[in-house]
Amino acid sequence: MYAISTDKAPRTSLPFSEGTSAARFAFVSAQPPVDPATGKLVEEGLCAQANQCLDNVEGVLSELELTFAEVTKLTIYLAGTSDFACVDRVCARRLTKPLPAVTRLEVCSLPGGVPIAIEAIACR
């Protein structure tokens, strides 16, 4: 196993990697709606935030030359809202067939007070 680190996703001071790779699998830690270039939370609403989360997931995957085509599982965490329809529209535009398995969860809160985070598992 080895850690994945990239400037295409926000860095964290927490004790975990942005992603890891083991054998044929890549695991992307839950990505917040933070622009890695500025380090700031995207403020334009939930759809824009979901899109930024997916941009960050894609950035980590790109370090292994992977794309959404290799994603087998997404987990989407929404804090304080159940507006999954907006997130579903963003995912429908970004994900490719065959579509990955998806778990969508409404949670009480997420680190840093962000409203959404998305993690992924990909397979080479």
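Student: Where in the chain's elements does Q49 sit?

Tutor: Helices and strands here are DSSP runs, numbered from the N terminus: a helix is H or I over at least four residues, a strand is E over at least two. Q49 has its place in helix α1, residues 46-62. Keep in mind that this is a predicted model, where local features need pLDDT of at least 70, side-chain atom pairs count only at pLDDT 80 or more, and totals for chains, interfaces and linings use all residues. Residues are numbered from 1 along each chain as its sequence is written, and side-chain values use heavy atoms, with hydrogens and water left out.

Student: Is Q49 buried or exposed?

Tutor: The idea is relative accessible area: buried means under 20%, exposed over 50%, and partly exposed in between, using a 1.4 Å probe and protein chains only. Q49 has 8%, so Q49 is buried.

Student: Which residues is Q49 in contact with, leaving aside its neighbours within four places in sequence?

Tutor: Contact means heavy atoms within 4.5 Å. With those neighbours set aside, Q49 touches P33, L41, V42, E43, P115 and I116.

Student: How many disulfides does the structure hold?

Tutor: A disulfide is a covalent bond between the sulfur atoms of two cysteines. The test used here is a pair of cysteine sulfur atoms within 2.5 Å. The structure holds 1. C47 and C86 form a disulfide, with their sulfur atoms 1.9 Å apart. C47 lies in helix α1 and C86 in helix α2 (residues 84-94), so the pair ties together parts that are 39 residues apart in sequence.

Student: What is the relative accessibility of C47, and what is that of C86?

Tutor: C47 is at 29%, so C47 counts as partly exposed. C86 is at 3%, so C86 counts as buried.

Student: What share of the residues count as buried?

Tutor: It's 42% of the 124 residues in the protein chain. As for contacts between residues at least 6 apart in sequence, 69% join residues at least 24 apart.
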